[in-house]
Amino acid sequence: MSLVALNSLNFFMADVRDGLGPFLGVYLQEKGWGPQDIGLVMTVGGLAGMVATTPLGALVDLTRFKRAAMIVASVAIIAATLTMLYVPSLSITIGAQIVQGVAGAVIAPAIAAITLGLVRQAGFAQQLGRNEAFNHGGNMFAALAGGALGYVFGLQAVFWFMTAMAVGAMAAALMIPADAIDHEAARGCEADDAEAREGSGWRMLLTSAPLGIMALVMMLFHLGNGAMLPLLGQSMVASGQGDPSTATALTVVVAQLTMIPMALLAARLAQSRGYGLVIVLALLALPLRGLIAASFSGFWVLVPVQILDGVGAGLLGVALPGLVASILRGTGHFNVGLGAVMTVQGIGASLSPTLGGWVAQSWGYGAAFMTLGGVAAVALAVWLVATMVFDGAWAGRPRAEGPVAAAG
């Protein structure tokens with residue numbers, strides 16, 4: 001029953017965790033906003049989430065009310081979403097995006113903690129694959145329903161649909177029995193590890209070389225990845241290629257449909273070959289995606305572009321929390337470590353719309369796609385060099401028992 005509820009939580013929370021995504025950009029574009037203002041709004045929300053993620057990860061480590069954290073976050077996101085719908089001015093939208101960014105920042109570490117608390121380390125990689133599969137299934141369902149509702153009733157219907165998904169997420173969180181979550185396991189503690197409970201999470205963040213490498217690579221990846229889907233949708237609208245709701249929904253559906261098998265494959269590869277291989281495969285997809293988006297035009301170019309998006313995101317969705325849990329096993333600071341990596345990657349994700357929007361407005365969408373793909377190629381180079389220079393054993397196959405050293 002607990003895992004069924006967890007799967008349902010991942011399904012419903014999919015549309016809530018990431019906000020309105022490309023639908024917001026298209027909605028604001030229809031209201032007469034330019035690429036730079038749209039990029040600015042998305043950047044501000046991302047920066048707010050970035051600042052909040054690490055302390056919220058520490059809070060998730062400490063609190064025994066993880067389900068309540070999910071519910072509070074959902075209520076805040078509903079309020080921000082409806083505010084953006086009915087008062088789409090620049091200042092109000094920026095404020096709503098800040099609220100949404102902060103609320104969304106607690107969701108990923110809370111779900112990871114609940115998962116680890118339910119299945120422990122031994123079942124973590126496998127359940128991460130299921131989490132991501134249900135998450136992407138929820139995103140695909142939301143995109144299809146949002147596209148259909150937007151086509152029939154206008155883009156404002158997408159805002160109300162996300163509100164309904166948030167209500168479903170709150171119900172799923174309440175279905176997880178509170179006593180089924182092992183809160184010590186949820187923070188990465190081994191049994192009777194008193195030293196882990198007393199150690200400093202902040203010191204761990206500063207001394208773990210593997211964690212620092214992960215954070216830098218994720219920052220570069222998301223700097224290249226964050227703006228690519230919104231810009232793809234905006235480029236189609238700008239060139240008059242199809243209905244904006246349908247085009248935006250299709251970009252999401254193609255990616256999410258690919259992410260489902262990729263998440264399950266990532267879990268299997270992580271168990272047999274290690275998380276390091278999963279990360280390399282994910283990083284390879286994004287430069288190729290940018291090259292294709294820049295080199296070809298037409299409505300159907302979104303198919304290969306978004307398939308590659310699904311490959312990269314589907315693999316990393318499993319590899320990131322899995323590898324952080326492996327690196328920090330036995331420390332008792334899994335969620336603050338995951339929050340720290342997500343904070344740093346949030347720098348890249350929040351700056352990506354500004355970078356992409358500025359390049360698109362100055363030199364065109366093709367140049368923007370090439371720039372974003374080039375940043376991702378740098379991420380791959382950093383990962384390969386770092387794992388050769390440092391001992392890359394921490395990126396290998398997860399071990400069933402025993403701690404993995406956190407300090408490099």
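A contact here means heavy atoms within 4.5 Å. The model is predicted, so local features need pLDDT of at least 70 and side-chain atom pairs count only at pLDDT 80 or more, while totals for chains, interfaces and linings use all residues. Residues are numbered from 1 along each chain as its sequence is written, and side-chain values use heavy atoms, with hydrogens and water left out.

Not counting residues up to four places away in sequence, Pro 353 touches Gly 39, Met 42, Thr 43 and Ala 227. Pro 353 belongs to helix α17, where helices are DSSP runs of H or I with at least four residues, numbered from the N terminus. With a relative accessible area of 10%, Pro 353 is buried, a term that means under 20% relative accessible area with a 1.4 Å probe and protein chains only. Pro 353 and Ile 38 are 315 residues apart in sequence, yet their C-alpha atoms are 8.0 Å apart in space.

A cavity is a set of points, on a 1 Å grid over the protein atoms alone, where a 1.4 Å probe fits but cannot get out, and its lining residues have an atom within 4 Å of a point. Searching the whole structure gives three cavities of 30 Å³ or more, each volume being the space filled by probe spheres set on the points, which are joined across faces, edges and corners. The second largest cavity holds about 60 Å³, and its lining includes Pro 35, Ile 38, Gly 39, Met 42, Ala 227 and Pro 353. Two or more lining residues come from each of α3 (35-62), α13 (228-238) and α17 (334-363), and α3 gives the most, with four. By class, the lining has seven nonpolar, three polar and no charged residues, with Pro counted as nonpolar and Gly as polar.

The nonpolar cores are sets of buried Ala, Val, Leu, Ile, Met, Phe, Trp, Tyr and Cys residues joined through side-chain atoms within 4.5 Å. The largest has 104 residues, and those with the most contacts inside it are Leu 9, Met 70, Ile 107 and Trp 383. Helix α16 (residues 302-327) gives the most to this core, with 13 residues. A second, separate core of 18 residues includes Trp 33, Met 84, Ile 94 and Ala 96.

Finally, Ser 2 lies in helix α1 (residues 2-17). Ser 2 is buried, at a relative accessible area of 17%, and touches Leu 118, Ile 176, Pro 177 and Ala 180, again not counting residues up to four places away in sequence.

Methods
Buried < 20%, exposed > 50% of the residue type's maximum accessible area, 1.4 Å probe, protein only. 1 Å grid on protein atoms, 1.4 Å probe; cavity = no way out; pocket = protein on both sides within 12 Å on 5 of 7 lines; lining within 4 Å.
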